[in-house]
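Here is a short note to read beside the structure. The points go one by one, and each can be checked by eye.

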Amino acid sequence: MFSAIARIFRTPDLRRKIAFTLAIIALYRLGAHVPAPFVDFPNVQSCLRQSAGTEGLLSLVNLFSGGALLQLSIFALGVMPYITATIIVQLLRVVIPHFETLYKEGQSGQAKLTQYTRYLTIALALLQSTTLVTVARSGQLFGVTGVPECEQLLTNDVWWAQLLMIITMTAGTGLIMWFAELVTERGIGNGMSLLIFTSIAAAFPASMWAIWQSRGFEVFLLVLAVGIVVVALVVFVEQSQRRIPVQYAKRMVGRRTYGGTNTYIPIKVNMAGVVPVIFASSLLYIPALIAQFNQPQPGEEVPGWVQWIQAYLVTGDNALYMALYFLLIVGFTYFYVAITFNPVEVADNMKKYGGFIPGIRAGRPTAEYLDYVLTRITLPGSIYLGLIALLPLVALATVGANQNFPFGGASILIIVGVGLETVKQIDAQLQQRHYEGLLR
């Protein structure tokens, strides 16, 4: 293992790529701590120490920004606008036939879809930065009442100052997109995935330190042991797949013989990744957002439905919230897998090139078989996603950790997934130059 790591740094091209990736990551983390114009940085830091964190979608956005959201930095929005834009463009392929046509055109069509994703990212960043500045100006960003510092987060709240903040945060999102593309082209791994990995990993030390300070060394060791077990289980499930054997018949094209090979279709247990968790968090945040905009005036009584939402759908330390969260994740997993994997299209492509599953006729029977296997394997995958996502909520209800509990939810799925993919890419780069890779 250590000799393989030494070979990485002895290979000039690989060493240069890793150094470039680390330099971009350092710039990204630096920007996460540079405050936007007209932000009262001491007041923001004071509110961060007094607040208990955020709930719902805002917690997820803060997690993906590496804590930059609550610091109102120039990179406050992080990668969340790009993630949302990518998911929207992917879903629009089902609704808009032109998008599906572009996707099937190959590299040129997918380049066009990437361009649409960039435009949509800037539009979403403009919308989200406007919302963030408005919430910060109202003094409700941290959820702390009665503290003067948290009601005066901006040094100047005139319209042109707010406009400059919005433009700065939107430009920060565009800069993050550029960073990610540079890493993808000249570095190691997928740039956007690595920036998300960096944002989440940056919150781990603070989360563990908070558990140590609030609950003591014994609970800290317990959380660490649970984290090691969870990481091992996540690695096992993320690597698990059902391999459906496929055989290709021999065919003559001119004087050449094609086909006659045996391969397989890999169907992962968790084909949906972290997207269902994001969908479920976003949907559960809507009732809390509606209740927040229906707060009564001072002296008036709080409506009953607002009290019910605040009691059961704002924090995740109750059974109803956990049950809804789990069921939404299971439902969204089936929905997203049905969109991203089309058995009819796969069966048609196999039939076109002379491929068949042993014992299954080509065409419609193959599509039905693939759909049957996909439905069965998605069930344990959706349950696994739901249980992993519930870990932070269980920690919130038991040991009192905040919702950014490090070993669970979207954070651990992204950390493990990106880590495995990056290690595989480094291993492939090593095998191009040496007979042995990083993994044996």
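1. Is Met 192 buried or exposed? The model is a predicted one, and in it Met 192 has a relative accessible area of 9%. The cut-off for buried is under 20%, so Met 192 is buried. This residue belongs to helix H10, which covers residues 191-239.

2. The surroundings of Met 192 come next. Leaving out residues up to four places away in sequence, Met 192 touches Val 79, Tyr 82, Met 177 and Ala 180. A distance along the chain can also be given: Leu 182 is 10 residues away from Met 192, and the C-alpha atoms of the two are separated by 9.8 Å.

3. Now the protein as a whole. It has 16 helices and 5 strands. Of its 440 residues, 44% are buried. The protein exposes about 22,900 Å², and 63% of that area is supplied by carbon and sulfur atoms. Take the contacts between residues at least 6 apart in sequence: 71% of them join residues at least 24 apart.

4. The next points concern pairs of helices. Two packed helices are described by the angle between their axes and the distance between the axes. How do H7 and H9 pack, by angle and by distance? Helix H7 runs over residues 107-138 and helix H9 over residues 159-186; their axes are 8 Å apart, at an angle of about 140°. Angles over 145 degrees count as roughly antiparallel, and this pair is instead classed as oblique because of its angle. The crossing of H7 and H9 is right-handed.

5. Which residues make the contact of H7 with H9? From H7 they include Arg 118, Thr 121, Ile 122, Ala 125 and Arg 137. From H9 they include Gln 162, Met 165, Ile 166, Met 177 and Glu 181. Sorted by class, the contact of H7 with H9 has 9 nonpolar, 7 polar and 3 charged residues. Met 177, listed here for H9, is also one of the residues that Met 192 touches.

6. Gln 162 can be looked at separately. Its place is in helix H9. With a relative accessible area of 16%, Gln 162 is buried. Apart from neighbours within four places in sequence, Gln 162 is in contact with Val 133, Arg 137 and Asp 157. Val 133 and Arg 137 are among the H7 residues in the contact with H9.

7. H7 also packs with helix H5, which covers residues 80-95. The axes of H5 and H7 come within 8 Å and cross at roughly 130°. That angle makes H5 oblique to H7, and the crossing is right-handed. On the H5 side, the contact includes Pro 81, Tyr 82, Thr 84 and Ala 85; on the H7 side, it includes Leu 113, Thr 117, Leu 120 and Thr 121. By class, the contact of H5 with H7 has 9 nonpolar, 5 polar and no charged residues. Tyr 82 of H5 is another residue touched by Met 192.

8. At what angle do H5 and helix H13 pack? The angle is about 65°, and the axes are 10 Å apart, with H13 spanning residues 319-340. At this angle H5 is roughly perpendicular to H13. The crossing of H5 and H13 is left-handed. Gln 90, Leu 91 and Val 94 in H5 meet Phe 335, Tyr 336, Ile 339 and Thr 340 in H13. This contact of H5 with H13 has 5 nonpolar, 2 polar and no charged residues.

9. Ser 382 is found in helix H15, residues 364-398. Its relative accessibility is 0%, so Ser 382 counts as buried. Not counting residues up to four places away in sequence, Ser 382 touches Ile 329, Val 330, Thr 333 and Tyr 334.

10. A last point is on a loop residue. Where is Phe 38? Phe 38 is in the loop between helix H2 (12-31) and helix H3 (41-50). Its phi is near 65°, a positive value in a residue other than glycine. Phe 38 has 24% relative accessibility and therefore counts as partly exposed.

Conventions: Residues numbered from 1 in each chain as written. Predicted model: local features only at pLDDT ≥ 70, side-chain atom pairs only at ≥ 80, totals over all residues. Heavy atoms only, no water. Helix = DSSP H or I, 4+ residues; strand = E, 2+ residues; numbered from the N terminus. Buried < 20%, exposed > 50% of the residue type's maximum accessible area, 1.4 Å probe, protein only. Contact = heavy atoms within 4.5 Å. Areas by Shrake-Rupley, 256 points an atom, 1.4 Å probe, with all protein chains shown as cover. Axes fitted to C-alpha atoms, helices over the stretch in contact; angles between N-to-C directions. Parallel < 35°, antiparallel > 145°, perpendicular 65-115°, else oblique. Left-handed = near helix turned anticlockwise from the far one by under 90°. Nonpolar A, V, L, I, M, F, W, Y, C, P; charged D, E, K, R; others polar.
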